[in-house]
Amino acid sequence: MTTQTVEYIRYRIPEDRSAEFLAAYTRAAVQLAAAPQCVNYELARCEEDFEHYILRITWTSTEDHLEGFRSSDLFSDFLTEIRPYVGDIEEMRHYKPTTVRGTGSSVPTLYDWAGGASAFTRLTSVFYDKVLKDDLLAPLFADLAPDHAEHVALWLGEVFGGPATYSLTQGGHGHMVAKHFGKHITEPQRRRWVNLIEDAADEAGLPTDAEFRSAFLAYVEWGTRLAVYFSGPDAKPPAEQPVPRWTWGTMPPYQG
């Protein structure tokens with residue numbers, strides 16, 4: 001489990017000091033952005049009572065915050081900016097995330113946006129038809145099982161936010177990684193794999209919007225580079241872990 005910790009600092013700032021408070025934190029945020037112990041930060045203002053603010057800072061760990069950031073030169077500059085508001089703090093504590101977390105449905109998963117199970121079934125069907133006809137990749141799949149494309153469709157569906165069918169029926173992340181051991185995949189083969197699945201996405205009718213395709217390609221690049229590593233002579237089996245769950249990343253789906 002991650003060691004990250006979330007610090008919440010609650011302020012009560014009189015209305016006539018709000019502008020200077022926001023300006024001070026805009027300057028202080030430069031130090032947070034430069035701190036290797038800081039994962040992210042956000043200052044929010046209460047809608048019902050404008051005097052209430054909450055600063056949320058995610059640290060790599062509580063120790064990294066208290067013993068790393070606070071002993072650094074960055075902290076002295078940070079404190080210089082926010083010192084006038086220390087007396088306005090109502091709470092300053094660290095919190096550990098629990099297992100109760102998830103996402104709502106206001107933003108669709110990549111799986112739903114792509115068209116669900118049928119979309120990934122079409123994708124892998126078109127893709128492996130191309131693979132078996134490709135002089136560079138066909139040798140890697142000489143012993144391709146009849147249900148391989150179906151299993152990869154389940155894997156991709158789970159990765160992009162669909163049901164955990166692959167984990168439940170095929171063995172999860174470790175099972176997928178093990179399929180690459182000893183394959184000695186080359187960089188030219190990896191690149192051809194990427195090109196063919198992009199072509200297959202077009203032919204299978206997957207969404208072509210920039211936001212979906214950038215997220216799709218990001219996973220393909222990440223996954224194929226891991227496949228090259230795990231197929232090599234120095235690969236070590238990873239620790240048991242869940243199937244990765246890919247999201248939109250920086251850009252949510254465009255809905256004009």
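Let's start with charge: the chain carries 23 positive and 36 negative side chains, and the centres of these two sets sit 3 Å apart. Keep in mind that this is a predicted model.

On to the fold. The chain has 10 helices and four strands, and reading from the N terminus the elements go β-α-β-β-α-α-β-α-α-α-α-α-α-α. The radius of gyration is 24 Å, well over the 18 Å that the globule rule gives for 256 residues, so the chain is more spread out than a compact globule. Along the principal axes, the C-alpha atoms fill a box of roughly 70 × 45 × 30 Å.

Here are some whole-chain figures:

| Property of the chain | Value |
|---|---|
| Share of the 256 residues that are buried | 36% |

As for contacts between residues at least 6 apart in sequence, 74% of them join residues at least 24 apart.

Now zoom in on one residue, Gln170, which is found in helix α7, a run covering residues 165-170. Is Gln170 buried or exposed? With a relative accessible area of 18%, Gln170 counts as buried, because the cut-off for that label is under 20%. The side chain of Gln170 also makes a polar contact of 3.3 Å with the side chain of Thr169. Leaving aside residues up to four places away in sequence, Gln170 touches His151, Thr165 and His175.

Note on methods: Residues are numbered from 1 along each chain as its sequence is written. This is a predicted model: local features need pLDDT of at least 70, side-chain atom pairs count only at pLDDT 80 or more; totals for chains, interfaces and linings use all residues. Side-chain values use heavy atoms; hydrogens and water are left out. Helices (H or I, at least four residues) and strands (E, at least two) are DSSP runs, numbered from the N terminus. The radius of gyration is taken over C-alpha atoms; the globule rule is 2.2 Å times the number of residues to the power 0.38. Buried means under 20% relative accessible area, exposed over 50%, partly exposed in between (1.4 Å probe, protein chains only). Contact means heavy atoms within 4.5 Å. Lys and Arg count as positive and Asp and Glu as negative; His and the chain ends are not counted. The place of a charge is taken as NZ of Lys, CZ of Arg, CG of Asp or CD of Glu. A polar contact is a pair of N or O atoms within 3.5 Å; within protein, one must be able to donate a hydrogen and the other to accept it, and residues adjacent in sequence count only if both atoms are side-chain atoms.
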